[in-house]
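Subject: Structure for you to look at

Hello,

Here is the structure I promised to pass on. Please open it first, then read my notes beside it.

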Amino acid sequence: MHPTRLLPLAVAATALLVSSCGTPEEATDPGSSPTPSASSPATPKSQPEPSRPPSSEKPVRGLVSAGGAAEGDLEKTATPLPDAAAIKAYAATLGTSLQDSFTTEATRLLAHVPSGQRLHAQTVYDGCEAPDPATITASTSGADVVLRVTPPKTTKIQCLVAERSVALLSVDQPVG
């Protein structure tokens, strides 16, 4: 291409960049950019519409696995985790290699549990590979919540120490 044909393109590109970046004063003066003030109110967390039932919100889910943590039998029912104290108490029942990662993930998920739901945890799988968290499902057995997970497809991987997987899922709270 001839250089004179490139000149209009270069001018247009420069104009686009300058217009999207603000004024030259804003670019050189860091004090001119808006900063949040301590007195400005925090943006409220969006709440579901009152007419929307809580069950229409997607649950939060997670899975934590660690090698060497497969001690004892898998749990038959899930444990509700309504707060940080419950998370800490449940973590204490897990193998040492799972405790920190479980506490971190459960605390992170607890902050995102939709209104009308409660976070639950249950040991769901022992094996060489962790299951996919997207396969975690919940059912009820009387007043108990039971979490299930689809085991990973069988592979030829052999492990010396099995991993224990703990499923985390928010479930609708019964009204009553």
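What percentage of the residues of the chain count as buried? Of the 176 residues, 25% do. Keep in mind that this is a predicted model.

**The chain as a whole**

The chain has four helices and six strands. Read from the N terminus, the order of elements is α-α-β-β-α-α-β-β-β-β. The accessible surface is about 12,000 Å². Carbon and sulfur atoms account for 59% of that surface. Now take the contacts between residues at least 6 apart in sequence. Of these, 80% join residues at least 24 apart.

**The sheet**

Start with the strands. Four of them form an open sheet in the order E1-E6-E3-E2, and the pairing is antiparallel. Strands E1 and E2 (79-80) are the edges, as each pairs on one side only. Helix H3 (residues 84-91) packs on this sheet and touches E2, E3 and E6. The direction of H3 makes about 15° with that of E3. Helix H4 (residues 96-110) lies across E1, E3 and E6. H4 runs at about 170° to E1.

A reminder on sheets: strands pair through backbone hydrogen bonds, and the pairing is either parallel or antiparallel.

Next, look at strand E6 (residues 163-172). Why is E6 described as largely enclosed by the rest of the structure? Eight of its 10 residues are buried, so the rest of the structure largely encloses this strand.

E6 has these partners:

- Strand E1 (residues 61-67) pairs with E6 in the antiparallel sense, over seven bridges.
- Val-64 stands opposite Val-166 of E6.
- Arg-61 has Leu-169 in E6 as its bridge partner.
- Strand E3 (residues 117-127) also pairs with E6 in the antiparallel sense, over 10 bridges.
- Gln-117 has Asp-172 in E6 as its bridge partner.

**The cores**

Which residues touch the most other members of the largest nonpolar core? They are Leu-81, Phe-102 and Leu-168, in a core of 18 residues. E1, H3, H4, E3 and E6 each supply at least two residues of this core. H4 gives the most, with four residues.

Zoom in on Leu-81. Leaving out residues up to four places away in sequence, Leu-81 touches Ala-86, Ile-87, Tyr-90, Phe-102, Leu-110, Arg-118, Leu-119, His-120, Ala-121 and Leu-168. Another core lies apart from the largest one. This other core has 11 residues, among them Tyr-125, Ile-136, Ala-167 and Val-171.

**One aromatic pair**

How many aromatic pairs does a search of the whole structure find? The search finds one. The rings belong to Tyr-90 and Phe-102, with centres 5.1 Å apart and planes at 45°, so the pair is tilted. Planes under 30 degrees apart would count as stacked, and planes over 60 as edge-to-face. Tyr-90 sits in helix H3 and Phe-102 in helix H4, 12 residues apart, and the pair links distant parts of the chain. Both Tyr-90 and Phe-102 are buried.

Thr-123 is in strand E3. Is Thr-123 buried or exposed? Its relative accessible area is 3%, and buried means under 20%, so Thr-123 counts as buried. Which residues does Thr-123 contact, leaving aside its neighbours within four places in sequence? They are Asp-73, Leu-74, Glu-75, Tyr-90, Leu-94, Arg-164, Ser-165 and Val-166.

Then go to Ala-106, in helix H4. Ala-106 has 0% relative accessibility, so this residue counts as buried. Not counting residues up to four places away in sequence, Ala-106 touches Ile-87, Leu-119 and Leu-168. Ala-106 and Leu-63 are 43 residues apart in sequence. In space, the distance is 9.3 Å from C-alpha to C-alpha.

Those are my notes.

Best wishes

Notes: Residues are numbered from 1 along each chain as its sequence is written. This is a predicted model: local features need pLDDT of at least 70, side-chain atom pairs count only at pLDDT 80 or more; totals for chains, interfaces and linings use all residues. Side-chain values use heavy atoms; hydrogens and water are left out. Buried means under 20% relative accessible area, exposed over 50%, partly exposed in between (1.4 Å probe, protein chains only). Two strands pair if DSSP finds at least two bridges between them. Contact means heavy atoms within 4.5 Å. Axes are lines fitted to C-alpha atoms, for helices over the stretch in contact, and angles run from 0 to 180 degrees between N-to-C directions. A nonpolar core is a set of buried Ala, Val, Leu, Ile, Met, Phe, Trp, Tyr and Cys residues joined through side-chain atoms within 4.5 Å. Accessible areas come from the Shrake-Rupley method with a 1.4 Å probe; for residues, only the protein chains shown count as cover. Rings of Phe, Tyr and Trp (its six-membered ring) pair if their centres lie within 6.5 Å; planes under 30 degrees apart count as stacked, over 60 as edge-to-face and the rest as tilted.
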